[in-house]
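Here are my notes from going through the model you sent over. Have it open beside you as you read.

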Amino acid sequence: MTATEATTAPGSAGAVLGTRRLRTEDPPLLTGESLFVADIKLSGCLHLALVRSTVAHGRILSVDLGPAKSMPGVVAAFSGADLKDAWAAPMPCAWPVTADMLSPTHLPLAVETVAYLGDAVAAVVAESEYAARDAADAVVVEYDPLPAVIHLEDALSDRNLVHEELGTNSSYTWELSPDPVAVEAAFAAAAHTVSKRYVQQRLIPSAMEPRGVLVVPHPYGGEYTVYSATQIPHILKIMLAITTGIPETSLRVIAPSVGGGFGSKLNVYAEEILAVVLAQRLRRPIRWVEERSENSVATIQGRGQIQHIDLAADSGGKITAIRVKLLADMGAYLQLVTPGVPLLGAFLYTGVYDVPAYSFSCTSVFTTMTPTDAYRGAGRPEATYAIERAIDALAAEVGVDPVEIRRRNFVREEQFPYASVAGLVYDTGRYALALDKALDIAGYQGLRDEQARRRQAGETKQLGIGVSSYMEMCGLAPSRVLGSLNYTAGGWEAATVRLLPTGKVQVVTGTSPHGQGHETAWAMIAADRLTMSPDDIEVIHSDTAMAPYGMDTYGSRSLPVGGVAVALATDKVIDKAREIAAHLLEAAAEDLELTDGSFRVKGSPTMEVALGAVAFEAFSAHNLPDGMEPNLEASVHYDPPNFSFPFGTHIAVVELDTDTGQVRLNRYIAVDDCGNQVNPLIVEGQVHGGIVQGVAQAMWEEALYDDDGNLLTSTMIDYLVPAASELPSFETASTITPSTTNVLGVKGVGEAGTIGSAPAVMNAIVDALSPFGVTDLDMPATPERIWRAMAQASAMAQAEGEA
């Protein structure tokens, strides 16, 4: 199928949406025609390299730039002290979650102390990238080492302080407890209780393209064009204006082709601010491109939590209360949304279950490690992991199958819209339907029978079956709700649609794709409503001069906010075009229908006028209705009334070698419901990628630090990012339960795979280990960790037998 083909030909409203259409973005990406930051050629461009701290925590005694400045090709070199007065404001944190939240001053270059391995302490600018990096290696920095703070409980004790000026390592404590008395009463009366501690290990985002920035000062005047491998060009523009003091009107930010982000490029980084300030100072273009080894320490890391979750249930296993306490790792500094990430999950620890009482608290601490921030799912995978692992533990406590315990607790279809105890109102859900479909695809009973056979036979290759039923909130809106959570920005999105004089269409969006397929999907949305081909529609994005308004792309918000904005703007264009067509046909506007790209009078098929003719009439303005402005263009700034709530069930089937601890993922079944689907092909791609990242957390990925704060997994030799060879072909399917809160009936899907997959895999691994007395295991489930857990369980069983 070519990029211009679809399974249903356009011609009437509803004929394009839901078809499997190849992405128009892909040919230039696959043929090497797309331009990334490193590909942009500019004469006279300088290159920036940073000197990064080699200790996790210490005072800076001296920075000797002399050897670097004397090297060939070096234009300038700066220490943090040299530039301490260059910043109009420190690096931004946009989410002060409490009024008393503590946040240390964070500058692009450290001045007096370094707080994590990789903290930038000096900058070198040279004529070539290689000259800049060689010169950076020549800079001599002396440190007075201070104790590293690596373990979260140790950080909480304040035994060693990361930032002495704060007097504590705790940044904030945030609580959500609608009725604490009801929670305690439920636990006091519970027939069954479960108390679990889970660790969300740190993860290193590994986008295909590392970060990069290119700043081009205009030759005349104080204007700057900033090319950045970012997810947030609009937010970055505002923050650059605040931190550098350059007027926002003098900044243009462009996100060219961006090779993935997964939240790691949802940030304002030191290198971007530094490149702007140095371009301003040196009056030449400056480029910085991250090396892969830099990525492991200089780009934010994900997750980093210790979770304590308690469930109370009645004699039948019906949950009566959930109590959650988090200890969250902020890292050394608060990046753009660092403090808010744990709170994005605060509302979801009740999962897909009808829970009457709930309490949540989160205490965050600073550590001498790379700052954490949003990573695919951002708080939602962590919450889902805790409740889905804990409900399996509850099933074991009650003595029922994990599927049965879920059925007993699901929010029922007739309860929607459902007001959760955590304060959210879920729009729609059919949780049992998704579960049943996944069980049917998996052949669940057959898997259990085969598992029983292997256990009875004592085979060394044991089968584990894990289930995960999830629900997430995405869309990150409305703005008033974000404001109530102290988030600085809003949750709206902007779109402009133009019907040009030749009949072609331009869609301008405030979203900023980096692999999601917005050019294809947004064209399909507009084409479906205009009853024309998506090939006649151009989508413009990721350039603050071309698309001046936007809140960008993250949190599975693009379709339920940005895509809906496109639909609403298209509708406004159609409404105006209908008035012009009615005027031209001398008919009533309400008597016209739009089909096959033409307005026709109902019941009189010969009375019609093509959209292109209407567009040209709007342009020429020779015969418009009295008082009507020329041209067909409409803009919408859409602020949704609610989040959207996708859901689904994932099932993992693993084979575990009891001799070696080696685990193989044999099958993976995912049934997801993201409401109406614009393009099922894109949905499947998003789900596939998300599953891989969640499976990777469960089985392979972990950012490991030693007690001195050195990162032990700084290369891909030590940090395993899975390849296709480690994974089976995924068995994906969907149910469709439209959202009732937007005109498209859509929900987000970009993070669904990540949210559902880690608990499904870990439940499967623990299920395989359960006959050997292992009831829990930390991620990642490495062969060594599994082997040790089995040995420990065996030793405990032997000791109990001897006693």
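1. Ground rules. This is a predicted model, so local features need pLDDT of at least 70 and side-chain atom pairs count only at pLDDT 80 or more, while totals for chains, interfaces and linings use all residues. Numbering starts from 1 along each chain as its sequence is written, and side-chain values use heavy atoms, with hydrogens and water left out.

2. Strand β9. Six of its six residues are buried, so β9 is largely enclosed by the rest of the structure. Buried here means under 20% relative accessible area, exposed means over 50%, and partly exposed is in between, using a 1.4 Å probe and protein chains only. In a regular strand, side chains alternate between the two faces of the sheet. In β9 both faces are covered: Gly 212, Leu 214 and Val 216 are buried on one side, and Val 213, Val 215 and Pro 217 on the other.

3. Partners of β9. Which strands pair with β9? One is β12 (residues 286–289), antiparallel over four bridges; two strands pair if DSSP finds at least two bridges between them. Val 215 sits opposite Ile 286 there. Another is β10 (residues 224–228), also antiparallel, over five bridges, with Leu 214 facing Tyr 227. β9 and β10 make a hairpin with six residues between them, and Gly 221 in the turn has a positive phi of about 95°.

4. A second hairpin. Further along, β23 (residues 598–601) and β24 (residues 604–610) pair antiparallel over four bridges. Ser 598 has Ala 610 of β24 as its bridge partner. Two residues separate the strands of this hairpin, and Gly 603 in the turn has a positive phi of about 85°.

5. Helices α15 and α16. α15 (residues 518–530) packs on α16 (residues 558–585) at an angle of about 35°, with the axes 9 Å apart. Axes are lines fitted to C-alpha atoms, for helices over the stretch in contact, and angles run from 0 to 180 degrees between N-to-C directions. The contact (heavy atoms within 4.5 Å) involves, among others, Trp 522, Ile 525 and Arg 529 of α15 and Gly 562, Val 566 and Asp 571 of α16. Its residues divide into eight nonpolar, five polar and two charged; Ala, Val, Leu, Ile, Met, Phe, Trp, Tyr, Cys and Pro count as nonpolar, Asp, Glu, Lys and Arg as charged, and the others, Gly among them, as polar.

6. Arg 133 and Asp 134. Are they buried or exposed? Arg 133 counts as buried at 15% relative accessibility, whereas Asp 134 is partly exposed at 45%. Beyond neighbours within four places in sequence, Arg 133 is in contact with Ala 49, Val 289, Glu 290, Glu 291 and Glu 294. For Asp 134, the C-alpha atom is 8.1 Å from that of Ala 68, 66 residues apart along the chain.
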